[in-house]
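Dear colleague,

Please find below the structure that I am handing over to you. My notes on what was found in it follow directly after.

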Amino acid sequence: MITFHIVQRKVSMVTTHNLGFPRIGAKRELKFSLEAYWKGQSSRDDLKALGAELRQRHWQQQSGLDLVPVGDFSFYDQVLDMSFTLGNLPERARGFHGDQLDPNFS
């Protein structure tokens, strides 16, 4: 006796994606947190915690998409982040041994 198993796959005619997601937050939370950090009114850990929260929230909000961009979060400037990633550092930031976030604001 031969048994056949039928596998049904949901086929979609449309692929949904976006080209990026506003990293700043629905109520501009990142902007206000970054300004508070610069003024010394909040800690680096507070800023990093908000960044982690925003990334998590944004991933959840995009969960229904087929394709989601990754690596598009930046605390300040995506172009500057890529420049640092490629080793294109200004002289003042070379040899810096502090927190990885700080050269973005020096």
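In these notes, two residues are in contact when they have heavy atoms within 4.5 Å of each other. The model is a predicted one, in which local features need pLDDT of at least 70 and side-chain atom pairs count only at pLDDT 80 or more, while totals for chains, interfaces and linings use all residues. Residues are numbered from 1 along each chain as its sequence is written, and side-chain values use heavy atoms, with hydrogens and water left out.

As to confidence, the mean pLDDT (the predictor's confidence in each residue, from 0 to 100) is 83, and 84% of the residues score at least 70. Where pLDDT is low, the predicted coordinates should not be read in detail.

The protein has three helices and zero strands, in the order α-α-α along the sequence. Helices (H or I, at least four residues) and strands (E, at least two) are DSSP runs, numbered from the N terminus. Of the 106 residues, 23% are buried, where buried means under 20% relative accessible area, exposed over 50% and partly exposed in between, with a 1.4 Å probe and protein chains only. Among contacts with a separation of 6 or more, 63% join residues 24 or more positions apart.

Helix α1 spans residues 29–38, and its buried residues are E29, L30, S33, L34, A36 and Y37. These residues lie on the same side of α1, because they cover an arc of only 160 degrees around the axis; the arc is that of the directions from the helix axis to the C-beta atoms. Their packing partner is α2, residues 44–61. After α1 comes G40, with a positive phi near 80 degrees.

One member, L30, contacts R23, I24, L47, L50, L54, F73, S74 and F75, leaving aside neighbours within four places in sequence.

Finally, Q62 sits in the loop between α2 and α3 (78–85). Q62 counts as buried because its relative accessibility is 6%. Not counting residues up to four places away in sequence, Q62 touches N18, F21, V68 and P69.

With kind regards
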